[in-house]
Amino acid sequence: GMTLFRIEDISLQEACVRVFNDWLVEYCQTHPERLIGIGLVSLYDIDNAVRELERCRNAGLRGAMIWQNPPEELPFSSSHYDPFWSAAQELDMPVSLHILTGHGYMKRPQTREGTEHYRSSVNTKLGEIMDSLFDLIFYKALDRFPNLRLVLVENEIGWLPFALQQWGYYLSRNRDREPGPAPDKMPIEYLADQLFATFFNDAVGTRYLSSWGADACMWSNDYPHANSTWPRSREVIAEHLGHLPSDVRTNVLSANVARLYDLQLPGQSLNK
């Protein structure tokens, strides 16, 4: 599904997304207590996007994945997305921004060859999610829609507390001098309330996780992706999360995602 977000023919992208979501609904219906689907939504035509989001919700899907890197003419700083944010908030559908989706460097093959592959795999990918998150925070989408929840998917987490802290530092330093929009809260205050993040192999990000991301971060094994931790997942968990307090490990491994998507854990009654 990730490649569908690079399609520039709007009608074709919307048609492909509908077919994907139809398949996903049917797939999840085999074991609805175990398979929790996140639908795809094309955002070129925002009215159609709202209709597809509603269709996904009515069919039992529990969230939506959109492009992480919008086209230049539709930045996340734009009010274009407001009807979709409003619908996602009203329908209680967390919105996922997944790595490598949209109009980023994956559309430029020369960035994935030779030595430049390493630059794009780290530097460029990190810049793309940071820019998108900056727009969503500083151009106040999270303030306009206080029950909107965003999930940063597969971007790892080591960069996240640093970026949020640095944005907050410069915001505090320049709030009275700089014109233009600014968020109502310090950027890091959106964590665990409206902002969540997944990771699967991040020894740096997990080192001090209990001090900043215990209620916002969610571990994933990313199976069956070749870059996943499988078949060493338990070893990776022990290595990267073993030093954390048991309640933080529980949050990161199960409780946070259960709260986010209102899932029932065995022997547990959860209220969001």
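1. Helices here are DSSP runs of H or I with at least four residues, and strands are runs of E with at least two, both numbered from the N terminus. The model is predicted.

2. Phe20 and Trp23 both belong to helix 1, and because they are 3 residues apart in it, about one helical turn separates them. Their ring centres lie 5.7 Å apart with the planes at 55 degrees, so this pair is tilted. Phe20 is partly exposed at 23% relative accessible area. Trp23 is also partly exposed, at 46%.

3. A second tilted pair is formed by Phe76 and Tyr81, whose ring centres are 5.0 Å apart and whose planes meet at 50 degrees. Both Phe76 and Tyr81 are buried. In total, 12 aromatic pairs are counted.

4. How do helix 1 and helix 2 lie relative to one another? Two packed helices are described by the angle between their axes and the distance between the axes. For helix 1 (residues 10-28) and helix 2 (residues 46-58), the axes come within 11 Å and cross at roughly 5 degrees. Angles under 35 degrees count as roughly parallel, so helix 1 is roughly parallel to helix 2.

5. The contact between these helices involves Glu14, Val17, Arg18, Asn21 and Asp22 on the helix 1 side. Helix 2 contributes Asn48, Glu52, Arg55 and Cys56. Sorted by class, the contact holds 5 charged, 2 polar and 2 nonpolar residues.

6. Gln29 is exposed, with 54% relative accessibility. Its C-alpha atom is 9.6 Å from that of Ala59, although Gln29 and Ala59 are 30 residues apart along the chain.

7. How many disulfides does a search of the whole structure find? The count is 0. A disulfide is a covalent bond between the sulfur atoms of two cysteines. The cut-off used is 2.5 Å between the sulfur atoms. For Cys16, the closest cysteine sulfur is that of Cys56, and at 14 Å it is too far for a bond. Cys16 is partly exposed, at 24% relative accessible area, whereas Cys217 is buried at 1%.

8. The backbone has some points to check. Most residues other than glycine have a negative phi, and most peptide bonds are trans. Glu156 has a positive phi of about 60 degrees although it is not a glycine. Glu156 sits in the loop between strand 4 (150-153) and helix 6 (160-174), and its relative accessible area of 18% makes it buried.

9. Asp222, another residue that is not a glycine, has a positive phi of about 65 degrees. Asp222 is buried, at 15% relative accessible area, and lies in the loop between strand 6 and helix 7.

10. Which peptide bond next to Pro224 is cis? The bond joining Tyr223 and Pro224 is cis, with omega of about 5 degrees. Pro224 is placed in the loop between strand 6 (217-219) and helix 7 (233-241). The bond from Trp230 to Pro231 is cis as well, with omega near 5 degrees, and Pro231 lies in the loop between strand 6 and helix 7.

Notes: Residues numbered from 1 in each chain as written. Predicted model: local features only at pLDDT ≥ 70, side-chain atom pairs only at ≥ 80, totals over all residues. Heavy atoms only, no water. Buried < 20%, exposed > 50% of the residue type's maximum accessible area, 1.4 Å probe, protein only. Axes fitted to C-alpha atoms, helices over the stretch in contact; angles between N-to-C directions. Parallel < 35°, antiparallel > 145°, perpendicular 65-115°, else oblique. Contact = heavy atoms within 4.5 Å. Nonpolar A, V, L, I, M, F, W, Y, C, P; charged D, E, K, R; others polar. Phe/Tyr/Trp six-rings, centres within 6.5 Å; stacked < 30°, edge-to-face > 60°.
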